[in-house]
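Student: I am new to this structure. Please show me how to read its features.

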Amino acid sequence: MTTFEEEGSVLTADGSYHHGNLRAALLERAEAVLTASGAEGLSLRGLARDLGVSHAAPSRHFRDRRALLDALAVSGFTTLNARLRSAATDGTAEADGTDGPVEARLAELGRAYVDFAVGHTALLDLMFTAKHADDSSAELRELGHESLLIVARLLEAGQRTGAVRPGDPVRLAQVAFSTVHGLALLAVASLLDDTPLSEATELALEVLLAGLRPGR
């Protein structure tokens, strides 16, 4: 096997090459292994073999397997939060440059979460498991909580304009997350029968948003 140095080209799982550091390549390959084989299939030695680097090379970035899993969870929450922030604004700006309606932005957040959860099922499971571990890091807990706060802040903004019902925005955000997370779990388990995921997502969001509106 050809060996690629840390700062040079790295052979990816599909046989293509890209430039980047070894840490990023290890995390990318780790998620692929996680998806295919579960956390039990992950080892620093195995990743080193897959990437064509020395067995000792990964230890420059991760002291052990647990550190690798925690870093993978941190990377997952970082990616998820970036997508949620982007979804909260993308495609919803009004002509005057202000943010669009809160409901439209909440719907985009819901779609973004379902897309991530269905596309990264094993990673999301690892993220929540690592976050709720008794010895989880402060960084991991903060990143996990930030996912909730992104939604809570938008709900709070909607409350100020009268678009969202009164109540603790964090609690409302938890309910919103439970709706889209539950839908994603059903989809992954093939329990939606013949209903396309896109249709189920839109219906779930319609029901959720109706429940978030102020009572008349």
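**The largest pocket**

Tutor: The largest pocket has a lining of 13 residues, and F128, K131, G144, L148 and F177 lie nearest its centre. This is a predicted model, where local features need pLDDT of at least 70, side-chain atom pairs count only at pLDDT 80 or more, and totals for chains, interfaces and linings use all residues. Residues are numbered from 1 along each chain as its sequence is written, and side-chain values use heavy atoms, leaving out hydrogens and water.

Student: Which elements give two or more residues to the lining of the largest pocket?

Tutor: They are α3 (65–87), α5 (121–131), α6 (138–161) and α7 (169–188). The largest share, four residues, comes from α6. Helices (H or I, at least four residues) and strands (E, at least two) are DSSP runs, numbered from the N terminus.

Student: How is a pocket found?

Tutor: Rolling a probe the size of a water molecule over the atoms shows where empty space is left. On a 1 Å grid over the protein atoms alone, a pocket is an open set of points where a 1.4 Å probe fits, with protein on both sides within 12 Å along at least five of seven lines; lining residues have an atom within 4 Å of a point.

Student: What is the volume of the largest pocket?

Tutor: It is about 240 Å³. A volume is the space filled by probe spheres set on the grid points, which are joined across faces, edges and corners.

Student: How many helices and strands are in the protein chain?

Tutor: The protein chain has eight helices and two strands, in the order β-β-α-α-α-α-α-α-α-α from the N terminus.
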